[in-house]
Amino acid sequence: MAAQASTAVNLAFAQYCEAIFELAEDDVEVIQARIAERLGVSRPAVSEMMRRLEHEGFVAASDDREIVLTAAGRSLAESTVRRHRLAERMLTDLLGLSWAEAHLEAARWEGVISPTVETAIDRVLGGPTTCPHGNPIPGSDYAAPNTVLLSQVRVGARFQVVRIPEELEFTAGLLLFLESASVTPGNTGLVTASSPDGTLTIEVDGRHVGIGAFAAERIMVVLDA
């Protein structure tokens, strides 16, 4: 029983460090309220876990009240994120799961993948540098391209989708919509219209799709010359 309790605690530490890492990666303010939203837990629960994480040396509070990972916390986060994104890649590329299914399943897999299995997955997949959504896999040879936000692309310009950040992965129904609309990394599109509220109309694979301001301000693309 003690071993099971210890494992549960370690998984919880990893889950929280992962959330902090991903919020910072997406330039979202890393405060307790944002962590609670990301993990779907109460603010008192987050407050208690922050005390435990700080006691264990995984997090520290910055001068502006944002939560930052220590070296130990970042190491734990990166190993967890790496397993999650490798699992997503395997589930989509080898098993044919949808984006949304893979995202949910990978959250279950990340805590049980051993280093040996992790190495095997990486080898079988040929050393991928990103997850299916374009987010970099820690420890890979990822080289960041020169991206802009979809919202910054002018009407009439072409673009190639590069990255769907984690913040959008946690927005209910959005992954499924983007995948069904072919707004996926590697696909090219054309901005055909822009509305005053920030909604863009884009053409991808011969279809016109409306992308709301929230998503357009987060989807990363490169301009297609």
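**Close-up 1. Q160 and its partner in β5.** In this predicted model, Q160 has T188 of β5 as its bridge partner.

**Close-up 2. β5 meets β6.** On to strand β6, residues 200-204, which pairs with β5 in the antiparallel sense. Here the count is four bridges. Look for V191, which sits opposite I202 of β6.

**Close-up 3. The turn of the β5-β6 hairpin.** β5 and β6 make a hairpin, with five residues between the two strands. Which residue in the turn has a positive phi? That's G198, with a phi of about 95°.

**Close-up 4. Helix α4 crossing helix α6.** A quick word on the view: two packed helices are described by the angle between their axes and the distance between the axes. For α4 (residues 71-93) and α6 (residues 115-124), the axes come within 10 Å and cross at roughly 45°. That angle is why α4 counts as oblique to α6. As for handedness, the crossing of α4 and α6 is left-handed.

**Close-up 5. Who touches whom between α4 and α6.** From α4, the contact residues are R82, R83, L86 and M90. From α6, they are E118, I121 and D122. Sort the α4-α6 contact by class and you get three nonpolar residues, four charged ones and no polar ones.

Key
Residues are numbered from 1 along each chain as its sequence is written. This is a predicted model: local features need pLDDT of at least 70, side-chain atom pairs count only at pLDDT 80 or more; totals for chains, interfaces and linings use all residues. Side-chain values use heavy atoms; hydrogens and water are left out. Two strands pair if DSSP finds at least two bridges between them. Axes are lines fitted to C-alpha atoms, for helices over the stretch in contact, and angles run from 0 to 180 degrees between N-to-C directions. Angles under 35 degrees count as roughly parallel, over 145 as roughly antiparallel, 65 to 115 as roughly perpendicular and the rest as oblique. A crossing is left-handed if the near helix is turned anticlockwise from the far one by less than a right angle, and right-handed if clockwise. Contact means heavy atoms within 4.5 Å. Ala, Val, Leu, Ile, Met, Phe, Trp, Tyr, Cys and Pro count as nonpolar, Asp, Glu, Lys and Arg as charged, and the others, Gly among them, as polar.
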